[in-house]
Each structure stands twice: as C-alpha cells, then as structure tokens.
Amino acid sequence: MLRICSNSPVHFPSSGSLLACSILFLAAFPAVSQQPAAPADAPAPAHELRVFDPSLIDTSVDPCDNFYQFSCKGWFKRNPLPADQTSYGRFTELYELNRLHLKQILVEASTTNGTRSVNEQKIGDEYASCMDVAGINQKGIAPLQPELDRIAALKNKAELPALLAHLQTIGVNAFFGMGAAQDYADSASVIATFYAAGLGLPERDYYTRTDAKSVEQRQQYVAHVKKILQLAGEPDARAAKDAQTVLAIETRLAEASLTVTEQRDPQNLNHPTDLAAMSAMLPHFSLATYMTADHAPATGKMNDTEPKFYAAFNTVVADTSLDQIKVYLRWHLLHAFAGTSLPESFDQENWNFYAHTLNGAEKQQERWKRCTSRVDLEMGEALGKVYVDHYFPPAEKQRTLDMTLAIEQAMDKDIDSLDWMSAETKVRAKEKLHGVMNKIGYPDKWRDYSKLEIVRGDAIGNQIRAHEFEHARDLAKIGKPVDKGEWEMTPPTVNAYYDPQQNNVNFPAGYLQPPFFSGKEDDAANYGDMGSTIGHELTHGFDDEGRQFDATGNLKNWWTKDDESKFTDRADCMVKQYDAIESVPGVHLNGKLTEGENLADLGGLWLAWIAWQEKAEAAHLDMAAKTDGYTPEQRFWIAYAQQWCTQTRQEDLRSRALTDPHAPDEYRTNAILQDLPEFAKSFSCKASQKMVSPKPCRVW
C-alpha cells in the first residue's frame with residue numbers, strides 16, 4: 001500500500017508496504033487528548049499549549065524578512081534542543097507531554113490484578129516486560145539462541161527459502177520483503193507484493209555515494225556491525241571480517257534497488273506477475289518453497305515492485321558462499337532485536353550508531369519513553385482503545401469532520417477556478433474529490449489481538465510473537481476484499497496521512513488537540529494550523545504521485561495530455577525552488593524527492609485559506625480587529641508557521657536532506673509563504689523583501 005504522510009509517522013509496518021510513510025522524527029508520536037481534563041495526579045505541562053501563541057513571536061524580526069524566525073524565535077529561546085533528541089519541535093513537544101499520559105495508562109495496566117481487561121493485560125505486561133532491564137540483562141541473548149541456532153544449522157542453499165520465510169515472519173529484514181497490498185490496476189483486490197529490503201543503512205544511496213562523509217559513515221557502519229557481532233560472542237578478527245561481508249552483500253542489494261526518488265513514482269513499482277513467472281526469474285531460490293513456508297497464497301496475481309532488484313538477489317544467492325549468507329542473516333537477526341529486547345550493551349550500541357552517529361543525538365531517551373513507543377508500535381489499537389475511552393470525546397471527532405468538509409468544499413471551488421485545467425479533467429478531478437473518504441480519530445472496528453500472546457518477563461518472545469501476529473494478519477488479506485475501514489496509523493499518533501489507493505484522508509485522535517487544534521481558539525488559528533494539515537492530506541490526492549490514481553484508487557491516467565503537461569510545468573517550478581535550497585553546507589534539498597510534500601504544503605495552506613475566508617465572510621468577521629496584537633489574517637499565517645517551530649541537529653538535517661520527502665520545517669514555512677501573495681498582503685510586504693518570491697509557484 002502506498003501511503004502519503006503529513007509529518008512524522010512511525011507505526012508497526014505491515015510487511016506489504018511499498019512506500020512506507022516517511023519518518024520526520026526518530027520516535028513515533030502517540031498522544032493523548034487533553035480533553036477532558038487529565039487525572040489529578042497526571043503531570044502538568046510547563047505552559048499551556050496554544051495553536052496561536054503570541055509569546056512565541058519575536059517582534060525584533062521583520063516578518064517580511066524571515067517569517068519563520070518571526071513566528072518561532074520565542075519558542076526557540078524557550079525550548080533548547082534536549083540532549084536525547086535529534087530534532088525537537090511542536091510535534092515532539094506535544095508528544096513528550098502526552099507520552100507521560102500514555103505512561104500512566106501503561107503503568108496502571110501493568111499492575112497485576114483481576115480487574116484488567118484483555119487489552120490492558122497485554123499492553124501492561126508488554127510494558128512491564130520491556131521495563132525489566134535487570135531481567136533482560138540476566139537472560140542475555142539466550143532467548144534468541146534458538147533463532148541463531150536455526151541460522152547456523154542451514155545446510156545448503158535449498159533450505160534458504162524456508163529459513164528466510166521464518167525470519168521475515170519474526171521481523172527480520174533480510175534480503176527482500178513480501179506482504180499484502182492493493183493491486184495497482186484493481187484497487188478492490190489485495191495481492192501478494194514483493195519489494196526490495198535487506199539493508200542496514202537508511203537507504204540505498206548510503207552505499208553508493210562517494211563523498212567523504214558517506215565513506216566515513218560506511219566505515220562507522222562496519223564498526224557498528226562488528227561491535228554487535230562481538231557482543232553476540234564473535235571473536236574480534238572474525239567479527240571484523242563478517243562486518244565487511246555484511247557491507248559487501250548489502251552494497252550489491254543497494255546498487256540494484258530503486259533510489260528514494262524513483263520509488264516515489266508508482267509507475268516504477270507496478271510490475272504484475274505470478275508465481276510461475278517470478279519463479280522463472282529466480283532459478284537459484286525456490287519461491288514456491290518460500291511461499292509455502294510463509295503460509296502465503298501461492299496462486300493468483302502478484303506484483304514484483306523491483307524486477308532489477310530480484311535479478312540481483314538471485315545472483316547474490318548463486319555466487320555468495322553459504323557461510324557468508326549465514327553471516328548476513330545472523331547480523332540482521334541481531335539488528336532486528338538490538339533495541340529494548342536485548343541487554344543494555346546491545347541497546348546502547350544500537351542507539352550509538354543510528355541515533356548518535358547518523359543523527360547527532362547526545363543522550364539516549366529514558367527507558368520508559370522507548371517502552372511506551374514500543375507498545376504503541378506493537379499493539380497500537382489495544383493501547384488506542386484504552387486511550388480513546390479516556391480522552392477523546394465524540395465532539396472532537398465532529399469538529400474535525402466539519403472542518404474537513406469545509407476544506408473539501410473549498411477544493412471543489414478551487415478546481416472550478418483553475419485556468420490551466422480543462423473542463424474534461426475538472427470533471428474527473430471532482431469525481432475523485434467527491435469520492436474521498438474521511439476517517440477521523442479511530443477505527444469504527446477495533447483490531448482483535450486475542451490471538452497475540454504476551455508473556456510477562458519475555459521481552460524477546462513478545463517481540464517475536466507481535467511480529468508473527470502482524471505478519472499473519474497482513475498475509476490473511478491476500479485474495480480478500482479491501483478493508484477500507486482499516487487504519488495504517490494508531491489512534492494515539494500525532495500525524496495524518498492520505499491513502500491514494502483507498503482515496504481516503506486519515507486524522508488520528510492524537511493529533512486533534514493543542515497546539516494544532518483547539519475549541520478554545522478562533523477559526524483563524526485553527527484553520528491556519530490544523531486546516532492546513534487537512535488541506536495538505538487532501539492535496540496529496542492530486543500531487544505528483546496521488547494524481548496518478550483515479551477516484552477508485554486505480555493507477556490510471558485520468559488527465560488529458562495537455563493538462564498533464566501543464567501540471568508538470570507548474571510542479572517543476574517547485575522542484576527547482578527546493579533544489580536551490582542548501583539545507584546544510586554542501587548538501588542541497590532534493591526537489592524531486594520533496595515534490596509531493598511541497599505541493600501538499602502549498603496546496604493545503606491555500607485550501608485552508610479559502611475555506612477560512614468563506615467562513616469569516618459568512619460570520620461578518622472584522623478583518624481589521626486585532627487579538628493579541630494581530631489581525632485575523634495575520635493570526636492565520638502565524639498559526640501556520642508556529643506548527644513548524646523546530647530545533648534540529650545538523651547531522652539530522654543532513655540525513656533528512658538525503659532521505660526525507662519532507663523539506664526541513666523552516667522551508668515548510670518560508671518557502672511556502674513566499675509563493676502566496678495573500679500572505680505578503682497581510683503583512684504589507686514589499687516586492688523586494690525576502691518573503692516575497694519574484695516568481696511564485698502555484699499548482700492548486
């Protein structure tokens with residue numbers, strides 16, 4: 001399933017994900033609404049979170065010179081970057097506050113008594129197991145030894161398919177991935193889908209770039225692999241050799257993989273096949289044996305998302321020694337469990353490379369924070385059900401729906417106003433718009449975890465069983481009708497997403513609260529902030545990726561050739577605009593990689609502006625009246641900017657420039673507003689000032 005995200009999702013991934021949601025922060029964002037009031041013993045925030053907060057503004061900065069600094073400099077002064085964060089912004093500010101509330105739920109659920117519900121038992125015992133550092137240290141890697149022995153017992157390559165199927169079932173990201181996904185040509189059908197995987201570095205170009213920093217990072221990666229293997233008992237010399245083997249195998253896989261930019265085009269991922277045809281491409285790997293061992297349907301249509309990758313995988317299996325394959329599998333097994341399930345030495349080394357070396361974190365997050373995120377990752381709807389029952393009243397859901405409908409109506413009018421789009425294409429665009437399904441807060445039907453066994457004190461076993469449960473749930477979808485009520489984010493998540501194959505927008509309950517949305521604040525603030533996010537997700541249905549899917553979610557071109565050309569010309573304006581931005585010295589943003597998010601940011605803010613203007617006009621709002629020193633229009637723009645107030649380490653900015661389809665938050669503010677003359681008018685900016693683009697880009 002292809003999902004297009006707003007900000008910063010990290011969820012328990014289905015093995016069938018083709019393009020996983022991009023990650024803006026290193027942690028997931030579970031959150032708890034602040035309405036109704038939290039229990040008396042819950043921690044109080046240091047200050048009230050507001051959608052529009054005048055205390056964050058620095059009036060010494062000219063808003064027409066740098067609106068991001070004008071809107072956020074006060075927040076920067078108040079919020080120095082914590083040592084345990086690689087990036088800290090309004091999203092993490094809310095996340096950290098709300099994670100305290102989730103902790104309270106989990107601590108209470110971990111208390112063994114006879115009053116716990118089934119879900120409370122599972123989330124409570126998993127949290128307690130994760131927090132039992134002494135018990136985990138005492139057991140060492142012994143609980144993982146049966147899996148290490150399974151790899152060591154591999155006698156020949158003919159046994160590899162069954163072993164690989166088993167390892168992937170328990171969450172080991174080795175060689176490739178297979179899972180359920182909607183058919184690109186028939187969105188009502190779910191088929192088996194194969195995709196590239198098997199890398200330990202963030203993405204393929206970490207293996208191929210030749211600049212000094214990339215070379216250094218590969219050396220640091222080899223040292224990390226060596227250290228993990230040593231912790232597992234390998235002698236120094238052997239671990240050093242094995243680490244080089246891992247890098248060599250992964251480099252071959254990476255070189256055959258699509259780039260992060262190429263993956264953004266669904267046309268590059270649509271390669272229909274079946275078991276016989278794909279098996280013919282893999283003479284050195286029995287796909288039939290693999291499918292049987294994986295308990296996956298071996299008949300019907302399939303999708304090979306990256307044929308070049310699978311050809312390379314076949315060659316790797318053929319000419320790589322059995323011992324080297326075992327080394328690679330052993331590394332990926334240890335890598336999959338090296339966080340909160342293995343002893344502190346593994347956990348610390350895993351953090352040291354991925355958080356500290358690659359992204360600049362100075363301190364590891366407290367254990368309870370990581371265990372809270374783990375429970376949300378593994379059983380997000382079990383935790384989410386408890387959270388919704390306590391903290392998310394129905395009125396919040398209705399208020400969000402009302403705003404969503406208003407912004408959809410604004411897009412309907414916006415389509416009518418486009419002078420570059422033909423009447424024929426406008427009809428198709430409106431069909432798609434009117435077919436959008438709005439999902440708000442939480443699922444109508446909760447996920448059933450009754451088959452998932454959680455054993456108190458068994459951190460590794462729980463992680464294994466959680467992956468087995470999710471993998472089996474995913475494969476069970478193949479050959480069945482699409483469940484359009486299913487969510488890809490958990491209810492406590494502070495984020496949102498658009499699904500082009502289901503043509504729906506999704507706004508989890510955790511996001512629908514201050515500092516992004518509040519019933520205490522005016523429409524100008526709410527539409528500038530949450531309204532722009534709603535418009536953002538809606539615009540994703542019409543960005544460079546989403547526009548390739550029709551109203552029913554099929555990969556089908558519904559554009560006239562001339563309209564398609566006009567769209568591309570306008571979108572290319574933004575590609576060039578962001579290509580020119582140097583995120584850190586020597587590293588520019590990738591305008592093509594960030595194209596969809598940039599289009600959604602600009603289009604979403606514009607739709608929110610239209611919807612709010614109509615609402616303000618109907619209410620006869622006095623546009624000259626000031627609140628907290630600012631007019632309604634100025635409050636709208638400031639609220640938009642303040643959602644992006646973020647401090648980010650240079651290492652993290654570099655990593656994101658190379659891998660993240662979202663631009664850094666400064667440019668999600670300034671670069672977007674520079675393209676909107678309405679913003680400049682609200683602040684009386686002159687044409688010569690920095691916040692006014694001489695050649696503004698505009699699509700929607």
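In this predicted model, the largest nonpolar core brings together 186 residues, and Phe175, Phe176 and Leu329 have the most contacts inside it. Helix 20, spanning residues 595-618, supplies the largest share of this core, with 11 residues. Returning to Leu329, its contacts beyond four places in sequence are Ile151, Leu160, Leu163, Leu164, Leu167, Ala174 and Phe175.

An open sheet with mixed pairing is built from four strands in the order 3-4-6-5. Strand 3 (176-182) and strand 5 (272-273) each have a single partner strand and stand at the edges, so one side of each lacks a neighbour in the sheet. The partner of strand 3 is strand 4 (residues 190-196); the two run antiparallel and are joined by seven bridges. Within this pair, Met178 has Phe194 of strand 4 as its bridge partner.

Strand 9 (residues 504-508) is mostly covered, with five of its five residues buried. Asn504, Asn506 and Pro508 point one way from strand 9, while Val505 and Phe507 point the other way. Strand 7 (residues 437-441) runs parallel to strand 9 and is joined to it by five bridges; here Met437 has Asn504 as its bridge partner. Strand 8 (residues 497-499), by contrast, runs antiparallel to strand 9, with three bridges between them, and Tyr497 lies opposite Asn506. Strands 8 and 9 form a hairpin with four residues between them, and Asn503 in the turn has a positive phi of about 50°.

Technical notes
Residues are numbered from 1 along each chain as its sequence is written. This is a predicted model: local features need pLDDT of at least 70, side-chain atom pairs count only at pLDDT 80 or more; totals for chains, interfaces and linings use all residues. Side-chain values use heavy atoms; hydrogens and water are left out. A nonpolar core is a set of buried Ala, Val, Leu, Ile, Met, Phe, Trp, Tyr and Cys residues joined through side-chain atoms within 4.5 Å. Buried means under 20% relative accessible area, exposed over 50%, partly exposed in between (1.4 Å probe, protein chains only). Contact means heavy atoms within 4.5 Å. Two strands pair if DSSP finds at least two bridges between them.
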